[in-house]
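Subject: The structure, and what turned up in it

Hello,

Here is the structure I promised to pass on. Please open it first, and then read on for what I found.

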Amino acid sequence: IHNLTLTQTGSTTVPIQVSWDDPEKTIIRVSLFNAWTWEEFDVMLPTIRYMAARTGIKPSMIIDSPDGSSDQYVPPRTMYKLMELRQLFTLVDQIVFVRPGPLLKIILNNLSHIDTQVNTHFHASPDIDAARNLLRAEEG
């Protein structure tokens, strides 16, 4: 597990954790807590790229907020950053967002009209178990 803890203005601690979700190393799990930023997420990208490159397969990724603190939160520039995340498709197969809020769903829907890769690589799931099941179904 790679944990990043940063201090923002107001002394709010914002952790972003990246780990393997399964022992087979087929799913990278990114856990977001509280009001995180894309700059903090960008710090984790080298870790995600390293993990994906070391598997010998194209793993998938689950992005969630285990304690629910980020479920309804969407940081500024999300549409732009999600377009940038498409670069990960060379290393990561599917990206599943767990419990995406209404704004993130709208953004994903709008992106799907711009780029068909969004439909085939970005997914939404109501909970972590459903996300794992969706990824298993995609593998099979």
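Is Arg77 buried, partly exposed or exposed? At 43% relative accessibility, Arg77 counts as partly exposed. Buried here means under 20% relative accessible area, exposed means over 50%, and partly exposed is in between, with a 1.4 Å probe and protein chains only.

Before the rest, two notes on the source. This is a predicted model, in which local features need pLDDT of at least 70 and side-chain atom pairs count only at pLDDT 80 or more, while totals for chains, interfaces and linings use all residues. Residues are numbered from 1 along each chain as its sequence is written, and side-chain values use heavy atoms, with hydrogens and water left out.

The overall picture

The chain has five helices and six strands, in the order β-β-β-α-β-α-β-α-α-β-α along the sequence. Helices (H or I, at least four residues) and strands (E, at least two) are DSSP runs, numbered from the N terminus. The chain has 140 residues, and 48% of them count as buried. Its accessible surface is about 7200 Å², with 53% belonging to carbon and sulfur atoms; these areas come from the Shrake-Rupley method with a 1.4 Å probe, and for residues only the protein chains shown count as cover. Among contacts between residues at least 6 apart in sequence, 72% join residues at least 24 apart, where contact means heavy atoms within 4.5 Å.

The strands

Let's start with β3, where six of six residues are buried. β3 pairs with β4 in the parallel sense over five bridges, and Ile27 stands opposite Ser60 in β4. Two strands pair if DSSP finds at least two bridges between them.

From β4 (residues 60-64) the pairing carries on to β5, again in the parallel sense, over three bridges. Met61 stands opposite Ile95 in β5. On its other pairing, β5 runs parallel to β6, and four bridges join them; the bridge partner of Val96 in β6 is His123. As for cover on β5, Ile95 and Phe97 point one way, Val96 and Val98 point the other way, and all are buried.

In strand β2, take a look at Val18. Val18 counts as buried at 1% relative accessibility. Between Val18 and Ile28 there are 7.1 Å in space, C-alpha to C-alpha, although the two are 10 residues apart in sequence.

Two aspartates under cover

Asp64 belongs to strand β4 and is buried, with a relative accessible area of 3%. Leaving aside neighbours within four places in sequence, the residues in contact with Asp64 are Arg29, Val30, Ser31, Leu32, Val98, Arg99 and Ile128.

Asp21, by contrast, sits in a loop, the one between β2 (13-20) and β3 (27-32). Asp21 is buried too, with a relative accessible area of 17%. What does the side chain of Asp21 make a polar contact with? The partner is the side chain of Arg132, at 2.7 Å. A polar contact is a pair of N or O atoms within 3.5 Å; within protein, one must be able to donate a hydrogen and the other to accept it, and residues adjacent in sequence count only if both atoms are side-chain atoms. With neighbours within four places in sequence left out, Asp21 is in contact with Ile27, Arg29, Ile62 and Arg132.

Helix α3

Leu104, Ile107, Leu108, Leu111 and Ser112 are buried in α3. Seen down the helix axis, the buried residues of α3 fall within an arc of 140 degrees, so they line one face of the helix; the arc is that of the directions from the helix axis to the C-beta atoms. These buried residues pack against α2 (78-85), β5 (95-98), α4 (116-121) and β6 (122-125). On the face turned away from the buried side, α3 carries the exposed residues Pro102 and His113.

Two arginines to look at

Back to Arg77, which is found in the loop between β4 and α2. Arg77 has a positive phi of about 70 degrees although it is not a glycine. Arg99 also has a positive phi, of about 50 degrees, and is not a glycine either. The place of Arg99 is the loop between β5 and α3, and at 26% relative accessibility Arg99 counts as partly exposed.

Enjoy looking around, and write back with any questions.

Best wishes
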